[in-house]
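This briefing sets out selected features of the structure shown below.

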Amino acid sequence: MASNKMWYTLALGFLLPFSYAHTDFFTSIGHMTDLINTEKDLVISLKDYIKAEESKLEQIKKWAEKLDKLTDTATKDPEGFLGHPVNAFKLMKRLNTEWGELESLVLKDMSDGFISNMTIQRQFFPNDEDQTGAAKALLRLQDTYNLDTDTLSRGNLPDPEHQRANGNMKYFEYIMAKEKEANKSSTDAEDQTEKETEVKKKDYLPERRKYEMLCRGEGLKMTPRRQKRLFCRYYDGNRNPRYILGPVKQEDEWDKPRIVRFLDIISDEEIETVKELAKPRLSRATVHDPETGKLTTAHYRVSKSAWLSGYESPVVSRINTRIQDLTGLDVSTAEELQVANYGVGGQYEPHFDFARKDEPDAFKELGTGNRIATWLFYMSDVSAGGATVFPEVGASVWPKKGTAVFWYNLFPSGEGDYSTRHAACPVLVGNKWVSNKWLHERGQEFRRPCTLSELE
């Protein structure tokens, strides 16, 4: 009875809902790594409990084997056995003392240490919201990346290299088809055909489908003629003194809107410092509610974020200065460096970084105008998924640790560039860390920003 009670208590500890557990674990792989250590500690505690139970059962087993032999001998000739005074004394002693000690041993609860550890650790367990969020993430990954249900249920995710290879093959086939078409038509006819084709594809496909295709590495529409306009270069920030002798590597990712990537622009040491500063502060990422104007969580943004100021770390200050030098934009009116870590199937569905005309008060409390440009650092490689895609134009920018991408959200007139609508694709395999800087209009009036057209 006591043993049954012990196991019931143990099972109940696992099955009771954890009402005071932490929430939103599923939105950050960085925070989920803490759960690995928690579970490892519980496994060690459980193994200690098993050893204690085994030791207890071993003692009981030895007692039973000894008594089994003794009683076999005694029952063959009870009077003769008890005729020996020592045997008679031992019988009295066993029944009066030793069987009571055995009863205490059987009733002894060896699970106290394990249950105590469970009670302590349970406050750090995920809750129902986390489990549901992780389950929805699997469905999202299945839909976005066209994963087979049986394959996914067995835990066999596609080979990351194979996934990218599929996208590259389709892109190669597309390029070859366009090359053949180009050989059969004049230059003017080709340009007209390209425009009509792009408009037709853009209008026909709903945004969700374009978004998912781009996340899979499909549907890239840049033609050979447009590709020839993309270059790589060494860039000195319009002859910025810090970069004249040591220019940075830069390459074009897309032409309209113009997106450029800076290579080897943030070191591994700087990345680790930023992550260490951000991790204790990570909280569920929020979005602006257009109706209330307040920040709120949303199912279409699955990540955790933290904000870092330049004054709190020389590394963050140095990063801010680097962004200012290379963009020519004043960072004193920019928002703090936002660090984000994506969770299970982490994503941010298509959105604009700038405020539209129907959101005049989006950044009113900042008093710095609209978001003129976006600078995005990739602080980790992602094995599969996690691309930054622009559904309106068909651009896909893949994460590469140590690089950063930059684009303008506003035209020189101050009007929003709607082609910059973008999204962060779900992370299929891996851990995605990014940090971004949103630069605002205020403070740029008398500066000479490094316009992307100057980079051609």
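A residue is called exposed when its relative accessible area is over 50%, and buried when that area is under 20%. The model is predicted. By this criterion Asp-264 is exposed, because its relative accessible area is 57%.

**Backbone positions in loops**

- Asp-264 has a positive phi of about 50° although it is not a glycine, and its place is in the loop between β3 and α12 (268–278).
- Asn-146, likewise not a glycine, has a positive phi of about 50°.
- The loop that holds Asn-146 runs between α6 (128–144) and α7 (149–153); Asn-146 is exposed, with a relative accessible area of 56%.
- A cis peptide bond, with omega near 0°, leads from Lys-256 to Pro-257; Pro-257 lies in the loop between β2 and β3.

- Nine strands form an open sheet in the order β1-β2-β3-β14-β10-β17-β8-β7-β4, and their pairing is antiparallel.
- At the edges are β1 (232–235) and β4 (283–284), each of which pairs on one side only.
- Two bridges connect β4 with β7 (residues 303–308) in the antiparallel sense; Ser-283 has Ser-305 in β7 as its bridge partner.
- Helix α2 (residues 29–76) packs on this sheet and touches β7, β8 (337–342) and β17 (433–440), its direction making about 50° with that of β8.
- Helix α13 (residues 314–327) lies across several strands, including β2 (248–254), β3 (259–263), β10 (371–378) and β14 (403–408), and runs at about 125° to β10.

**The four-strand sheet**

- A further open sheet consists of four strands in the order β9-β15-β12-β13, with antiparallel pairing.
- Its edge strands, β9 (348–351) and β13 (395–397), have a single partner strand each, so one side of each is left without a neighbour in the sheet.
- On average, neighbouring strands of this sheet are turned by 15° against each other, direction ignored.
- Strands β12 (residues 388–390) and β15 (residues 422–424) run antiparallel and are joined by two bridges; Thr-388 stands opposite Ala-424 in β15.

**The buried face of helix α5**

- Helix α5 (residues 112–122) has Phe-114, Asn-117, Met-118, Gln-121 and Arg-122 among its buried residues.
- Seen down the axis of α5, the buried residues fall within an arc of 130°, so they line one face of the helix.
- In general, an α-helix has 3.6 residues a turn, so residues three or four places apart point the same way.

Notes: Residues numbered from 1 in each chain as written. Predicted model: local features only at pLDDT ≥ 70, side-chain atom pairs only at ≥ 80, totals over all residues. Heavy atoms only, no water. Pairing = 2+ DSSP bridges. Axes fitted to C-alpha atoms, helices over the stretch in contact; angles between N-to-C directions. Contact = heavy atoms within 4.5 Å. Buried < 20%, exposed > 50% of the residue type's maximum accessible area, 1.4 Å probe, protein only. Arc of directions from axis to C-beta.
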